[in-house]
Amino acid sequence: MEIEKLKEELKALNKEYAKIKTIPVEERKAFGVEMNKKKQAILDKIKAAEEAAEDANVEPLDITAPAGFNAPIPEFKQGSKHPLMTELDHVVDIYQAMGFNVMEPRQLDDEFHMFDSLNFSKGHPARDGYDTFRTSEGFIPIAHTSAMQNRALTTYKDRLEKGGQIAIVIPGRVFRNEDVDPTHEHTFYQCEGVYVAEKANMGELLGIFKNFFETYYGQSLKIKTQPGYFPFTEPSFELLVEKPKSLGGKGDGWLELLGCGMIHPNVLKAAGIDPEKYKGFAWGGGIDRLVMMKYMLNDVRYFESGKLDFLEEF
Ligand code: DAH
């Protein structure tokens with residue numbers, strides 16, 4: 001209301017200002033100055049009135065009030081498990097059903113567990129193949145879940161003396177100083193498996209794989225091995241799995257999914273297990289690749305990208 005009145009006053013003043021033409025020239029300056037003063041006074045009052053009106057429109061905010069009191073609570077989507085975590089659980093469930101126990105790796109470990117205990121001799125070029133990061137204190141963000149093999153063996157070796165076996169899987173997050181592209185990430189997941197008993201052979205391991213892939217993919221898949229090299233297994237193999245058309249393959253493709261082999265005697269010795277009495281096999285491979293084939297994804301970087309539209313599809 002007050003603002004309206006002030007605006008009327010301003011109009012009237014403008015009309016009065018128009019009279020400037022009718023007064024003698026020598027009086028015009030003084031007249032103009034006087035009129036401008038009055039005009040500024042009215043403009044100031046209008047501004048003050050407008051600001052006061054604006055303040056009056058703001059509801060006081062009670063910052064101690066419970067949620068939803070001051071304003072309605074917006075509808076939030078509930079967070080959900082990351083697809084890799086869901087798949088990792090599924091992988092572990094399958095191995096547990098076969099009788100494996102689960103251990104978790106450390107994300108930061110040392111030279112002994114990452115390399116020495118796994119029969120990498122000092123200065124061996126295979127160490128470079130793991131593109132390891134190092135902290136300034138000399139710790140290693142593990143570049144493979146095999147870094148837990150020695151702990152798995154030492155923790156459970158008394159089972160062997162009682163006539164039992166060591167059967168452990170180790171799912172975990174690993175880190176490599178890699179150039180990132182659609183099939184390589186600096187951070188990814190692996191699952192390791194370790195089995196030691198008085199008798200163990202590669203045929204049993206292939207049986208485990210056959211069962212695992214059949215359960216995980218819900219269909220029987222062909223598998224094959226090719227020779228590989230890892231300092232901690234002898235002999236060493238790479239395991240390939242058929243990529244069928246039903247999972248986005250072209251019908252003749254194979255996917256290299258993991259490394260495996262018979263545990264090297266030096267690895268057993270490093271854990272205080274007599275390689276003359278006990279044998280074992282081990283394997284380890286990336287979970288990301290396994291999941292990519294299951295859902296026919298073509299870019300591993302999506303997993304760590306935080307892209308909500310991707311994550312919400314799961
Ligand atoms: N740690 C190996 C890698 O990341 C994979 C691997 C190979 C694990 C052979 C094993 C094994 O346990 O026996 O490349």
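Cys 260 is tucked away in this predicted model, with a relative accessible area of 2%, so it counts as buried (under 20% relative accessible area is buried, over 50% exposed, and in between partly exposed, using a 1.4 Å probe and protein chains only). Cys 191 is buried too, at 5% relative accessibility. For Cys 191, the nearest cysteine sulfur is that of Cys 260, 13 Å away.

A word on the ground rules. Residues are numbered from 1 along each chain as its sequence is written. Because the model is predicted, local features need pLDDT of at least 70 and side-chain atom pairs count only at pLDDT 80 or more, while totals for chains, interfaces and linings use all residues, and side-chain values use heavy atoms, with hydrogens and water left out.Now for the aromatic rings. A pair of aromatic rings is described by the distance of the centres and the angle of the planes. Here, rings of Phe, Tyr and Trp (its six-membered ring) pair if their centres lie within 6.5 Å; planes under 30 degrees apart are stacked, those over 60 edge-to-face, and the rest tilted. The structure holds 21 such pairs. One of them joins Tyr 95 and Phe 212, stacked at 4.7 Å centre to centre with 10° between the planes. Tyr 95 sits in helix α3 (residues 83-97) and Phe 212 in helix α7 (residues 202-217), so this pair ties together parts that are 117 residues apart in sequence. (Helices, H or I with at least four residues, and strands, E with at least two, are DSSP runs numbered from the N terminus.) Both Tyr 95 and Phe 212 are buried.

Phe 310 and Phe 314 make an edge-to-face pair, 5.2 Å centre to centre and with 65° between the planes. Phe 310 is buried, at 8% relative accessible area, whereas Phe 314 is partly exposed at 35%. There is also an aromatic cluster, whose members include Tyr 95, Phe 212, Tyr 216 and Trp 283.

What about the open spaces? Rolling a probe the size of a water molecule over the atoms shows where empty space is left. On a 1 Å grid over the protein atoms alone, a pocket is an open set of points where a 1.4 Å probe fits, with protein on both sides within 12 Å along at least five of seven lines; lining residues have an atom within 4 Å of a point. The largest pocket has a volume of about 910 Å³, a volume being the space filled by probe spheres set on the points. Its lining has 43 residues, with Gln 190, Leu 257, Gly 285, Gly 286 and Arg 289 nearest the centre. Strand β8 gives the largest share, six residues. The lining divides into 20 nonpolar, 14 polar and nine charged residues (Ala, Val, Leu, Ile, Met, Phe, Trp, Tyr, Cys and Pro count as nonpolar, Asp, Glu, Lys and Arg as charged, and the others as polar).

The second largest pocket has a volume of about 170 Å³. Among the residues lining it are Lys 77, His 82, Leu 308 and Glu 312.

Note on methods. A disulfide is a pair of cysteine sulfur atoms within 2.5 Å.
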